[in-house]
Amino acid sequence: QVQLVESGGGLVRPGGSLRLSCAASGSISALYAMGWYRQAPGKERELVATITTGGSATYADSVKGRFTISGDNNKHTVTLQMTSLNAEDTAVYYCNAENRYSSSSWTDYWGQGTQVTVSS
């Protein structure tokens, strides 16, 4: 099992910035990637950004140029720096960690979620 502890989030005005952090612990010897997903009311959960332990990052088109993901392999943490936030970024943000055992075998773990609200 992998435990994920999230921090950050909250209420911010349009155009503002927030930072989300997530720390993984437990069975992380096969940790391959960490990242963030979000779910807005009435919508499906969607990818925001992920980063592999090798440093390869993937972003949703909607956040490219505004969000930056970074990871610390020594601390098993991932940070999402969010800038130029707008109302469409309002959602519950979930930390994700992927343990990968082979090309066809992996397990996803999820944090409890943290609310990000962008409103004036």
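What follows is a set of questions about labels and the cut-offs behind them.

Tutor: Ground rules first: this is a predicted model, where local features need pLDDT of at least 70, side-chain atom pairs count only at pLDDT 80 or more, and totals for chains, interfaces and linings use all residues. Residues are numbered from 1 along each chain as its sequence is written, and side-chain values use heavy atoms, with hydrogens and water left out.

Student: Why is D89 called buried?
Tutor: Buried means under 20% relative accessible area, exposed means over 50%, and partly exposed is in between (1.4 Å probe, protein chains only). D89 comes in at 1%, so it counts as buried.

Student: What makes D89 and R66 a salt bridge?
Tutor: The label asks for a side-chain nitrogen of Lys or Arg within 4 Å of a carboxyl oxygen of Asp or Glu. Here the closest N and O atoms are 2.8 Å apart, so the pair qualifies. This pair links distant parts of the chain, 23 residues apart: D89 is in the loop between β8 and β9, and R66 in the loop between β6 (57-59) and β7. R66 has 15% relative accessibility, so R66 is buried too.

Student: Which residues does M82 contact beyond its sequence neighbours?
Tutor: Contact means heavy atoms within 4.5 Å. Leaving aside neighbours within four places in sequence, M82 is in contact with G16, S17, L18, L20, R66, F67, Y93 and V116.

Student: Why is N99 called buried?
Tutor: N99 has a relative accessible area of 1%, so it falls under the 20% limit. The backbone oxygen of S27 lies 2.7 Å from a polar atom of the N99 side chain. Not counting residues up to four places away in sequence, N99 touches several others, including V2, Y32 and W106.

Technical notes: Helices (H or I, at least four residues) and strands (E, at least two) are DSSP runs, numbered from the N terminus. A polar contact is a pair of N or O atoms within 3.5 Å; within protein, one must be able to donate a hydrogen and the other to accept it, and residues adjacent in sequence count only if both atoms are side-chain atoms.
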